[in-house]
Every structure is written in C-alpha cells, then in structure tokens.
Amino acid sequence: MKNNSAWFKIAGAACLEVVWVIGLKHASVPWEWLITGLALLVSFYTIIVASRKLPVGTVYSVFVGLGTAGTVLADMLWFGEPFRWIKLVLILVLLAGVIGLKLVTGNSHTKEVS
C-alpha cells in the first residue's frame, strides 16, 4: 500500500465519520442505525489499515480534523445550523493544519505492521 493510498483511505474514513456522527444524532429507525453502525465500523477499520503505513498520530489527527470540518459543514448545509464566518475561518484553520500534517509527513520510511 502506497502512502497516497493511505491518505485516500483517511479521507474516506473521515467522510464515513460524518455519516456516523450525523447518524448518532438523527437516526431513529433500525435501517438508519444500521447505516450508522456500518459507517462507524468501516471508518475505524479504514483508519486502522491506513495507520499501518502512516504515523498513528498523523492518521488520527487528519481523521478527526477532516471529520470535524465535514460534520460542521453538513450541519450548516443540511440541518439548519446558522452560518457564521468565524466557524468557516476556524474550519479553514483546521484544514490548514491537516494539510500541514500531510506535507510534513511526506514519504518518510514507514514500517508496515502486519
């Protein structure tokens, strides 16, 4: 698994994080809880797989950062959370930190855990 593949897995896991976080608040029928549970399991499995190639601290920080940004944006876009410029600025700062982590992590030699 190349490092770029690991980064895509983290991004996918963060998207699923948005799904399960929204599900924890809004799920009310069994199929919604099923989707929430599946999204949770797949997102955690995916970050576990990604952490075999990238440093665990970086994987977790990027996962949480992207998930948080996505959840805040989803809240504003789909659930009527009021838009505030300060939230947008803080999300951009968060994303800058995530991009910074990606840049400094680079292709350093990583040890695959099996």
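**Rings and helices**

Guide: This is a predicted model. In it F63 is buried, with a relative accessible area of 2%.

Visitor: And F44, what does it count as, and at what relative accessibility?

Guide: F44 counts as partly exposed, because its relative accessibility is 34%.

Visitor: How many aromatic pairs does the structure hold?

Guide: Three aromatic pairs. In one of them, the rings of F44 and F63 have centres 6.0 Å apart and planes at 55°, so that pair is tilted.

Visitor: Which parts does that pair tie together?

Guide: F44 lies in helix α2 (residues 30-50) and F63 in helix α3, so the parts tied together are 19 residues apart in sequence.

Visitor: Which residues do ring pairs link into a cluster?

Guide: W20, F44 and F63.

Visitor: Switching to helices. At what angle do α3 and α4 pack?

Guide: About 155°, with the axes of α3 (residues 56-78) and α4 (residues 85-105) 10 Å apart. That angle makes α3 roughly antiparallel to α4, since angles over 145 degrees count that way.

Visitor: Is the crossing left-handed or right-handed?

Guide: The crossing of α3 and α4 is left-handed.

Visitor: Which residues meet there?

Guide: From α3, they include V62, L66, A69, L73 and M76. The α4 side includes K87, I91, L94, V98 and T105.

Visitor: What is the contact like by class?

Guide: The contact of α3 with α4 has eleven nonpolar residues, five polar and one charged.

Technical notes
Residues are numbered from 1 along each chain as its sequence is written. This is a predicted model: local features need pLDDT of at least 70, side-chain atom pairs count only at pLDDT 80 or more; totals for chains, interfaces and linings use all residues. Side-chain values use heavy atoms; hydrogens and water are left out. Axes are lines fitted to C-alpha atoms, for helices over the stretch in contact, and angles run from 0 to 180 degrees between N-to-C directions. Helices (H or I, at least four residues) and strands (E, at least two) are DSSP runs, numbered from the N terminus. Angles under 35 degrees count as roughly parallel, over 145 as roughly antiparallel, 65 to 115 as roughly perpendicular and the rest as oblique. A crossing is left-handed if the near helix is turned anticlockwise from the far one by less than a right angle, and right-handed if clockwise. Contact means heavy atoms within 4.5 Å. Ala, Val, Leu, Ile, Met, Phe, Trp, Tyr, Cys and Pro count as nonpolar, Asp, Glu, Lys and Arg as charged, and the others, Gly among them, as polar. Rings of Phe, Tyr and Trp (its six-membered ring) pair if their centres lie within 6.5 Å; planes under 30 degrees apart count as stacked, over 60 as edge-to-face and the rest as tilted. Buried means under 20% relative accessible area, exposed over 50%, partly exposed in between (1.4 Å probe, protein chains only).
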